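Student: I have a model open and would like to understand the words used to describe it. Could we go through them together?
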Amino acid sequence: MDMSLRDKVRENTTLIGARIREARRLKNKSQSDLAARLGVSFQQVQKYENGKNRVSVASLIAIAEEIDVDLGFFLPPGSVPVDNTQIEIARNEAASSLAAIDSAIAVLSDHRRRLSDAAARLGTSEI
C-alpha cells in the first residue's frame with residue numbers, strides 16, 4: 001500500500017530530527033548550545049529532534065552550518081542531493097532582499113522624520 005503524503009512528511013520529519021540529534025551528538029553540542037546559536041529554545045531543538053515539529057529549510061541550513069555537516073546529511077535515503085550552488089544562490093538572494101528591506105526602512109524613517117518636523121513647524125502633534 002502506498003504511503004500518503006502526510007505519512008511521508010511525518011516519516012521524513014522523524015528521520016530529519018533523528019539525524020539532527022545524531023549530528024549534534026557527534027559534534028559534542030548540547031541542545032541548549034545549538035538552541036542558543038539558532039536563537040530558539042532548547043525545547044524547540046528537542047521537538048525537532050523528536051519529530052514533533054517540522055524544521056524549516058532555513059533552520060535546517062543554519063543547523064547544518066552550526067554543526068558543520070553537509071545539508072545532505074539530513075535528507076532521507078534516496079533523496080536527490082542538494083546542490084551547494086543552489087544554496088549559495090538562495091543565500092545571496094536572501095541577502096539582497098534583506099539589503100533592499102533595510103534600504104526601504106531607512107527611506108521610510110527619513111520620511112517619517114520629515115513629516116514629524118513639518119507637523120512641529122505647523123504646531124500640531126498629528127502627522
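Tutor: Gladly! Let's begin with residue classes: Ala, Val, Leu, Ile, Met, Phe, Trp, Tyr, Cys and Pro count as nonpolar, Asp, Glu, Lys and Arg as charged, and the others, Gly among them, as polar. By that rule, the lining of the largest pocket divides into 8 nonpolar, 3 polar and 1 charged. Bear in mind that this is a predicted model, where local features need pLDDT of at least 70, side-chain atom pairs count only at pLDDT 80 or more, and totals for chains, interfaces and linings use all residues. Residues are numbered from 1 along each chain as its sequence is written, and side-chain values use heavy atoms, leaving out hydrogens and water.

Student: Why does Leu98 count as exposed?

Tutor: Exposed means over 50% relative accessible area, buried under 20%, and partly exposed in between (1.4 Å probe, protein chains only). Leu98 has 53% relative accessibility, so Leu98 counts as exposed.

Student: And what makes Ala95 partly exposed?

Tutor: Ala95 has 44% relative accessibility, so it falls in the partly exposed class.

Student: Where are Leu98 and Ala95 placed?

Tutor: Leu98 is found in helix 5 (residues 84-121), and Ala95 has its place in helix 5 too. A helix here is a DSSP run of H or I with at least four residues, numbered from the N terminus.

Student: Which helix gives the most to the lining of the largest pocket?

Tutor: Helix 1, with 4 residues.

Terms used. Helices (H or I, at least four residues) and strands (E, at least two) are DSSP runs, numbered from the N terminus.
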